[in-house]
Amino acid sequence: MPQIRPVSDLRNRFADISREVHESGEPIFLTKNGYGNMVVMSMEAFERRQFESEIYCKLKEAEQEAKTTGMRFSQREVIDELRSAIRQKAAARDV
């Protein structure tokens with residue numbers, strides 16, 4: 001269940017809000033005059049959501065490409081390509 005608190009808690013209870021978003025990993029929704037105003041979340045939670053959003057966008061692009069082209073890849077081809085890319089990045093870092 002989402003946490004909903006008045007925006008005044010951001011000023012009056014900042015330490016509590018900070019602790020809660022870090023411990024729970026979930027956002028806290030802040031209201032002003034009874035209406036939604038903003039969302040507060042930890043940097044880790046924000047970065048995780050950004051990463052997931054990027055993955056979903058890439059999957060959507062892949063689905064669109066699959067619909068418009070006849071190209072298909074087996075699971076083995078995808079895994080081999082990912083491993084190759086990881087090895088290349090690791091080698092570039094070591095240089």
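Two strands count as paired here if DSSP finds at least two bridges between them. With that in hand, welcome to a quick tour of this predicted model. One stop is a hairpin formed by β2 and β3, with two residues between the strands. Another is helix α2, spanning residues 14–24, with its buried residues Ile17, Glu20 and Val21.

**Strand pairing**
- β2 and β3 pair in the antiparallel sense, and five bridges join them.
- Across this pairing, Phe29 stands opposite Val39 in β3.
- In the turn of the hairpin, Asn33 has a positive phi of about 55 degrees.
- β2 also pairs with β1, this time in the parallel sense and over four bridges.

- Ile17, Glu20 and Val21 are the buried residues of α2.
- Looking down the axis of α2, you will find its buried residues within an arc of 95 degrees, so they line one face of the helix.
- On the face turned away from that buried side, α2 carries the exposed residues Ala15 and Glu23.

**What covers α2, and what follows**
- The cover over the buried residues of α2 includes strand β1 (3–6) and helix α1 (8–12).
- Strands β2 (28–32) and β3 (35–40), the two that form the hairpin, are also among the elements covering those residues.
- Just after α2 comes Gly25, which takes a positive phi of about 75 degrees.

Terms used
Residues are numbered from 1 along each chain as its sequence is written. This is a predicted model: local features need pLDDT of at least 70, side-chain atom pairs count only at pLDDT 80 or more; totals for chains, interfaces and linings use all residues. Side-chain values use heavy atoms; hydrogens and water are left out. Buried means under 20% relative accessible area, exposed over 50%, partly exposed in between (1.4 Å probe, protein chains only). The arc is that of the directions from the helix axis to the C-beta atoms. Contact means heavy atoms within 4.5 Å.
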